[in-house]
Amino acid sequence: MANALVSLESLHKSYGATPVLRGVDLSIEAGTFTAVLGPSGSGKTTLLRLLAGFERADQGRIELGGRVVDDTRRVVPPEKRRIGYVPQDGSLFPHLTVRANIGFGLPRAQRRGGRVDELLALTDLGTMADRYPHQLSGGQQQRVAIARALAIEPKVLLLDEPLSALDARVRAQLRVEIRNLQQRLQITTLFVTHDQSEALSMADRVGVMQAGRLEQLDTPENVYRRPATAFAAEFVGAMNRLPGRMGDSGDVQ
Ligand code: ADP
Ligand code: MG
C-alpha cells in the first residue's frame, strides 16, 4: 500500500517451539482505525508487542512511517518508535494521580505543563485530575490509560482489548468515545479484540486472525457479508455453513 503508515510483512514469532505468529501481513493507512479480531490465544497481543518493540520478530519486517523498525537485524527500541500503547491489563500506576499517570511518559519539564491539561480535557477527565486510580470507575481508568498513551503524540495508537473488563453499558459508551477521539485526532489506530460486534462497529477495516495468521482484511461490511474463510464465517459472518458436495454435473448435492 503506497500510503501505509504501518506495514508488517511476513511476520513470524515463536515462543520456544510454539509458533504464535505464522506469517502476518498487514498494512495500515495513516489516519485509519483497524481492528484485529480473533479468539483468545490467536496472537493479538503478541502482534501489538512486536509493533511496539517489546518483542523482536523471528522473521519478517516491520515498518513505521516508511522506516524499518524491525527486520530481525536492525531493531529500533520501543521509546524511539513513537507508539502509544494501552496494554491489555490497563496497568495505571496505583500510587500516582490521574494527572501524574498521564504525564508519566513526558519529559519532566512538560509534566506540569499544558499538554497534560489538554489531554485531561480531551478525554473529559478534567475533574478527576487529582484522583488516584482506585477512586475511578473502570471506564474512567481506561480513559486515563488512553490519555497516557496519547501524551507523547504517538504516530500510532495500539489498544489491546481496552473494553473487555467493562460492563456492557460502559463498553457501548466507550466504543463511541474512542472512535470519536480517533477521528478528531485523525490518529492511526490498531485495536485488537475478541468481540465481533466491537470490531465491526468501530473500525474502518477489520482483520480476522486465527492461530497466528490474518485470514482476511477488509471493510466490516465485507468481513460480515463475504467472509473469506470458513473460520471467518463462523467467527464473524452472517453465514451458516451447510455441508455440501459438488456433483459430477456441477450441481451441489
Ligand atoms: P491473544 O492476545 O490473541 O490472546 P497472545 O498473543 O497473548 O494471544 O498469545 C498467543 C499464544 O502465545 C498463546 O498460546 C500464549 O500462551 C502464547 N504466549 C504469549 N506470550 C508468551 C510468552 N511470553 N511466552 C510463551 N508463550 C507465550
Ligand atoms: Mg491478548
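At what distance does a polar side-chain atom of lysine 44 lie from an oxygen atom of ligand 1? In this predicted model, where local features need pLDDT of at least 70, side-chain atom pairs count only at pLDDT 80 or more, and totals for chains, interfaces and linings use all residues, that distance is 2.8 Å. Residues are numbered from 1 along each chain as its sequence is written, chains are lettered from A and ligands numbered from 1 in the order in which they are written, and side-chain values use heavy atoms, with hydrogens and water left out.

Backbone atoms also make polar contacts (pairs of N or O atoms within 3.5 Å) with ligand 1: a backbone N or O atom of serine 42 lies 3.2 Å from an oxygen atom of the ligand, and a polar backbone atom of glycine 43 is 3.1 Å from one. Of the 560 Å² of accessible area that ligand 1 has on its own, the protein covers 56% (Shrake-Rupley method, 1.4 Å probe). The surrounding residues, with a heavy atom within 4 Å, include Tyr15, Val20 and Pro39, and helix α1 (residues 44–52; a DSSP run of H or I, at least four residues) gives the most to this shell, with 3 residues.

The magnesium ion, ligand 2, is coordinated by Thr45 (OG1) and Gln88 (OE1) at 2.0 to 2.5 Å, donors being N, O and S atoms within 2.8 Å of the metal, or 3.2 Å for Na, K and Ca. Threonine 45 lies in helix α1 and glutamine 88 in the loop between β6 (83–86) and α2 (98–103), so the pair ties together parts that are 43 residues apart in sequence.

Definitions and conventions. A polar contact is a pair of N or O atoms within 3.5 Å; within protein, one must be able to donate a hydrogen and the other to accept it, and residues adjacent in sequence count only if both atoms are side-chain atoms. Helices (H or I, at least four residues) and strands (E, at least two) are DSSP runs, numbered from the N terminus.
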